[in-house]
Amino acid sequence: LATAVMAGFGFFFWLISARLFSTEDIGLATTLISVMNMIALLSLIGFDSAFVRFLPNSDQKNDQLNTGLILVGLTAFILAFLFIIFVPEISPRISFISENSLIALAFIIFCVMSALNILTDSVFLADRQTKFTLIINTVFSVIKMVLPFAFIGWGALGVFTAAAVAQTIGFVLSIAVMMRKFDYRPAFTISKEILKLVRTYCFSNYVAVILNLLPIALLPIIITNNLGPEQAAYYYIVMMIANLLYVIPQATTKSLFAEGSNDEKAININIKKSIKIISVLLIPAIIVLVLGGKYILGFFGKEYSTQGVDFLYIVAIAGIPIAVYSIFMSLLRVKKDLRGLIITNVFYAGSIIGLSYTLLPMGLIGIGIAWLAGNITAGVVAYCMFHFCLKRTK
């Protein structure tokens with residue numbers, strides 16, 4: 001529900017923004033937001049998974065939280081700073097963020113806040129207290145819908161700032177809840193003992209996450225540089241709608257990971273529950289998107305409906321292999337099969353990026369085919385890796 005609320009309000013955020021800003025502004029803003037999200041996710045350095053896997057049975061929770069938050073914050077700062085330096089070479093169309101020192105500093109700070117906001121979700125998930133995630137996501141998502149009106153006239157930076165400020169509010173609320181409900185005490189300390197405990201798990205998950213993020217991070221830049229910011233806008237809006245669909249398997253399998261970490265003996269029962277929940281919710285949602293996708297896109301404007309509808313059909317169908325991939329990735333994390341995680345994501349990233357470049361002349365349709373084929377490949381490989389893991393265990 002927490003993930004669905006954020007995705008649902010995100011739909012209305014982009015609906016409002018599409019009416020207030022030009023298509024080019026939306027395209028550039030979506031690229032900026034994609035980069036911020038990419039930096040935030042890369043900055044987690046495996047601590048999001050480590051929190052879920054190790055916090056439930058830890059007697060040093062405060063040390064683990066402070067160590068993770070500090071290292072993730074520092075990593076986000078460094079990555080955002082490096083991006084500002086190299087943005088003219090990476091993506092010239094958004095290099096304007098490096099031409100003004102205040103804008104550059106704000107971008108770096110927002111990247112740090114976004115990374116820490118994502119990390120705090122893992123704390124609530126680990127303690128099975130995701131009701132707080134629901135409350136926090138609802139509050140900052142409602143505020144996020146209003147913010148575009150405050151930045152009219154700022155162009156692409158206005159849309160980006162609205163989204164980034166909402167992330168910052170989410171982080172502040174999360175820390176307040178952690179201090180009040182979980183007796184968390186912030187301290188600028190890094191525990192060597194905690195690092196020794198989680199370093200291998202963090203590193204392997206980090207490599208897997210980097211591979212998993214490569215397509216998500218690179219596709220907006222590839223599309224902006226080769227097809228133009230307008231096509232990037234159509235891509236982002238369609239993927240935003242598709243993410244409403246992907247919430248179902250992704251949120252369910254996050255819970256599967258958390259429950260498996262708390263009680264591995266009940267994993268088979270929870271697998272059956274996950275499959276049932278995903279099947280009951282996902283199939284009807286795919287049918288709705290396929291039948292009504294054109295009309296949904298029409299709310300954003302006629303050009304979104306005509307340019308993005310075929311792409312939407314393809315990424316909606318991709319929800320099925322994404323569900324398979326997500327289930328087995330969670331199981332590999334519970335089993336601590338780090339090699340399986342990495343191998344699966346090598347196939348995932350390689351197939352999507354490679355096919356995207358190959359099919360780029362087909363425009364967004366080619367990107368959609370690459371996305372579908374890559375997730376099918378990843379689902380098959382993840383299934384094989386999990387069964388190899390079970391054989392080794394036996």
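**Exercise 1.** At roughly what angle do the axes of helix α2 (residues 23–42) and helix α4 (residues 61–90) cross, and within what distance do they come?

*Solution.* Keep in mind that this is a predicted model. Start with the geometry: the two axes cross at roughly 140° and come within 9 Å. Angles over 145 degrees would count as roughly antiparallel, so α2 is oblique to α4. Next, the hand: the crossing of α2 and α4 is right-handed. From α2 come Val 35, Ile 39 and Leu 42, and from α4 come Ala 76, Leu 79, Ala 80 and Phe 83. Sorted by class, the contact of α2 with α4 has seven nonpolar residues, no polar and no charged ones.

**Exercise 2.** Describe how helix α5 (residues 101–126) packs with helix α6 (residues 131–150).

*Solution.* Begin with the axes, which lie 9 Å apart at an angle of about 150°. That makes α5 roughly antiparallel to α6. Then list the partners: Asn 117, Asp 121 and Phe 124 of α5 meet Phe 132, Thr 133, Ile 136 and Phe 140 of α6. Finally, classify them: four are nonpolar, two polar and one charged.

**Exercise 3.** Check the length of α5, then inspect its two ends.

*Solution.* With 26 residues at 1.5 Å a residue, α5 should span 38 Å. Its end C-alpha atoms are 39 Å apart, which agrees. At the start of α5, find the side-chain oxygen of Asn 100, which reaches to within 2.9 Å of the backbone nitrogen of Leu 102. Just after α5, turn to Arg 128, which takes a positive phi of about 55°.

Methods. Residues numbered from 1 in each chain as written. Predicted model: local features only at pLDDT ≥ 70, side-chain atom pairs only at ≥ 80, totals over all residues. Heavy atoms only, no water. Axes fitted to C-alpha atoms, helices over the stretch in contact; angles between N-to-C directions. Helix = DSSP H or I, 4+ residues; strand = E, 2+ residues; numbered from the N terminus. Parallel < 35°, antiparallel > 145°, perpendicular 65-115°, else oblique. Contact = heavy atoms within 4.5 Å. Nonpolar A, V, L, I, M, F, W, Y, C, P; charged D, E, K, R; others polar. Left-handed = near helix turned anticlockwise from the far one by under 90°. Expected span 1.5 Å × (residues − 1). Polar contact = N/O pair within 3.5 Å; in protein donor to acceptor, adjacent residues only side chain to side chain.
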